[in-house]
Amino acid sequence: MYLAERLVRISSALTSCHLNSDFQGDWEESGKQKVVTGLALIEKEAWDLSLPVTAKTAARLKSEARNCTGEEMFDRITELEDRFNLEIEGFKFFLVKAEVLRLVDNPELAGEPVKSKFPNANTELMEAGNCLAFDRYTACVCHCMRSLDIVLTALERQLGIPLPASGHERTWGKTLGRIADKIKDNDKTPPPDWVKGREFYEQARVFLHAVKAPYRDSTMHVKCVYDEQGATSVFNVTVEALRHLAINLAE
């Protein structure tokens with residue numbers, strides 16, 4: 001549940017408690033029960049939102065409700081409302097445009113095959129979607145490149161290339177070089193079903209090589225800052241690439 005919705009629930013419950021305790025002297029049992037129910041909701045939501053003062057105050061008032069007059073409870077709920085407002089003063093809210101809301105925390109941005117075959121790459125894609133929705137465009141591209149980095153390793157593994165232990169051998173340039181060499185070796189001495197799958201591996205290599213210089217290198221080496229159009233373009237290309245590569249690859 002979104003933070004704003006939880007805060008609205010607390011505010012609504014406070015209003016209800018005020019309305020049901022606004023009596024001089026004694027008040028009806030039904031009104032007391034509604035106040036106790038409202039205070040219980042406030043207590044729960046406040047703990048979930050890390051508002052301890054509000055939560056503890058609501059718990060105390062809940063235990064005192066049946067021994068108070070309506071007027072006394074009305075004043076105490078006003079005190080609770082003041083404490084709630086003080087605790088949420090530091091909260092900040094961000095407006096997400098309706099047209100990009102689908103990008104927020106969405107595990108299905110590239111579909112079920114990518115989600116199941118590339119769970120870690122899909123997590124990076126989700127973060128890329130969140131960044132795009134919140135206008136963090138360069139961060140979006142960084143997460144896109146991280147997702148493709150996982151695909152690059154999967155491609156290397158699928159081709160039976162031993163993964164190097166040393167970090168300096170794990171660069172995109174050297175990894176793509178090993179993949180190109182492996183494709184050439186397989187062309188000379190084809191393994192079973194190589195002719196059938198060669199086009200897929202070569203297309204994957206060409207795509208990742210094309211991504212390397214303009215996107216991956218410039219982003220990771222702080223040579224490029226992206227705007228909305230550029231980040232959206234990279235994001236869409238990444239989604240389509242993951243969908244295509246998930247046909248024959250998995251982490």
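Which residues of α2 are buried? They are Gly31, Lys32, Val35, Val36, Gly38, Leu39, Ile42, Glu43, Glu45 and Ala46. Buried means under 20% relative accessible area, exposed means over 50%, and partly exposed lies in between (1.4 Å probe, protein chains only).

This is a predicted model: local features need pLDDT of at least 70, side-chain atom pairs count only at pLDDT 80 or more, and totals for chains, interfaces and linings use all residues. Residues are numbered from 1 along each chain as its sequence is written, and side-chain values use heavy atoms, with hydrogens and water left out.

## The whole chain

The protein chain has ten helices and zero strands. Its pattern along the sequence is α-α-α-α-α-α-α-α-α-α. The radius of gyration is 28 Å, well over the 18 Å that the globule rule gives for 251 residues, so the chain is more spread out than a compact globule. That radius is taken over C-alpha atoms, and the globule rule is 2.2 Å times the number of residues to the power 0.38. Helices (H or I, at least four residues) and strands (E, at least two) are DSSP runs, numbered from the N terminus.

Along its principal axes, the C-alpha trace spans about 95 × 35 × 35 Å. Buried residues make up 40% of the 251 residues. The accessible surface comes to about 13800 Å², and 54% of it belongs to carbon and sulfur atoms. Accessible areas come from the Shrake-Rupley method with a 1.4 Å probe; for residues, only the protein chains shown count as cover.

Contact means heavy atoms within 4.5 Å. Among contacts between residues at least 6 apart in sequence, 66% join residues at least 24 apart.

The chain carries 32 positive and 38 negative side chains. The centres of the two sets lie 9 Å apart. Lys and Arg count as positive and Asp and Glu as negative, while His and the chain ends are not counted. Each charge is placed at NZ of Lys, CZ of Arg, CG of Asp or CD of Glu.

The expected span is 1.5 Å times one less than the number of residues.

| Helix | Number of residues | Expected span | End-to-end C-alpha distance |
|---|---|---|---|
| α2 | 20 residues | 28 Å | 29 Å |

Helix α2 covers residues 29-48. Its buried residues pack against α1, α3 (52-64) and α4. After α2 comes Ser50, whose phi is positive, near 60°.

Asn20 sits in helix α1 (residues 3-21). At 16% relative accessibility, Asn20 counts as buried. Leaving out residues up to four places away in sequence, Asn20 touches Trp27, Gly31, Lys34 and Val35. Gly31 and Val35 are among the buried residues of α2.

Helix α6 is mostly covered: eleven of its 15 residues are buried. They include Ala121, Leu125, Met126, Cys131 and Leu132. The buried residues of α6 pack against α5, α7 and α10.

## Loops and positive phi

Most residues other than glycine have a negative phi. Asp135 has a positive phi of about 65° although it is not a glycine. Asp135 lies in the loop between α6 (119-133) and α7 (137-158). Its relative accessible area is 37%, so Asp135 is partly exposed.

Asp105 also is not a glycine, and its phi is positive, about 50°. Asp105 lies in the loop between α4 (70-87) and α5 (112-117).

The loop between α7 and α8 holds Pro162. Is Pro162 buried or exposed? At 66% relative accessibility, Pro162 counts as exposed. Pro162 and Thr57 are 105 residues apart along the chain, and their C-alpha atoms are separated by 61 Å.

## The last helix

Val237 is in helix α10 (residues 228-245). Val237 is partly exposed, with a relative accessible area of 35%. Val237 and Ser116 are 121 residues apart in sequence. In space they are 20 Å apart, C-alpha to C-alpha.
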